[in-house]
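Here is a short briefing on one protein chain. Keep the sequence and the 3D view at hand while reading.

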Amino acid sequence: ILDASEFASLAGGHFAPGETLEMPCESDGVRVCRATLETDEVCAFLKRLTSVFMFIIEGATIVDFADAPERWHLFTMWRGDRLLGAATTRTFTFPKHRTRICQFAVLPAHQRRGYGVTLLR
């Protein structure tokens, strides 16, 4: 459905999904990447991805990522160039430091294969 090269063209050039995180076990060449929302490329990617979230997350709402972009993180799961799923988190500092999962989705074509659990870890 969606791949990195398609998002790159939508974002106006090369899209780097962020830093690749080490995973306890890599299966099927799956990798998870983390990026902050401090670059235009990541924001453009997330804007397109939010449209997808609206269709596959029941009760989803559009989130304003412009407030404190350094507190937002985008986690994406890839197999090769194919996007399998994504999640956004926001860090809160008051009254105590905590991170909250705000959006979480595995694309329908990749559900029921354990990708959601891997992304959540």
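Start in the loop between strand 5 (98–106) and helix 3 (115–120), where Arg 112 sits. The model is predicted. Arg 112 has a positive phi of about 65 degrees, although it is not a glycine.

- Most residues other than glycine have a negative phi.
- Arg 112 has a positive one, at about 65 degrees.
- Its side of the story at the surface is plain: Arg 112 is exposed, with a relative accessible area of 87%.

**Overall fold**
- The chain has three helices and five strands.
- Their order along the sequence is α-β-β-α-β-β-β-α.
- The chain has 121 residues, and 35% of them count as buried.
- Take the contacts in the chain with a separation of 6 or more: residues 24 or more positions apart account for 52% of them.

**The aromatic pair**
- The whole structure holds one aromatic pair.
- Its partners are Phe 45 and Trp 78, with 6.1 Å centre to centre.
- The planes are 35 degrees apart, and the pair is tilted.
- Phe 45 belongs to helix 2, while Trp 78 belongs to strand 3 (residues 72–79), so the pair ties together parts that are 33 residues apart in sequence.
- Both partners, Phe 45 and Trp 78, are buried.

**Surface**
- Met 54, Phe 55 and Ile 62 make a nonpolar surface patch of about 400 Å².
- Phe 55, one of these residues, is in helix 2 (residues 40–56).
- Is Phe 55 buried or exposed? Phe 55 counts as exposed because its relative accessibility is 78%, and the cut-off for exposed is over 50%.

**Cysteines**
- How many disulfides does a search of the whole structure find? The search finds zero.
- Cys 33 counts as buried, because its relative accessibility is 0%.
- Cys 43 counts as partly exposed, at 33% relative accessibility.

**Points to locate in the 3D view**
- Find helix 2 (residues 40–56) and look for Phe 55 there.
- In helix 2, also find Phe 45, then look across to Trp 78 in strand 3 (residues 72–79).
- Finish at Arg 112, in the loop between strand 5 (98–106) and helix 3 (115–120).

Key:
Residues numbered from 1 in each chain as written. Predicted model: local features only at pLDDT ≥ 70, side-chain atom pairs only at ≥ 80, totals over all residues. Heavy atoms only, no water. Helix = DSSP H or I, 4+ residues; strand = E, 2+ residues; numbered from the N terminus. Buried < 20%, exposed > 50% of the residue type's maximum accessible area, 1.4 Å probe, protein only. Contact = heavy atoms within 4.5 Å. Patch = residues over 30% accessible without salt bridge, like charges linked within 9 Å, V, L, I, M, F, W, Y side chains within 5 Å. Areas by Shrake-Rupley, 256 points an atom, 1.4 Å probe, with all protein chains shown as cover. Salt bridge = Lys/Arg side-chain N within 4 Å of Asp/Glu carboxyl O. Disulfide = S-S within 2.5 Å. Phe/Tyr/Trp six-rings, centres within 6.5 Å; stacked < 30°, edge-to-face > 60°.
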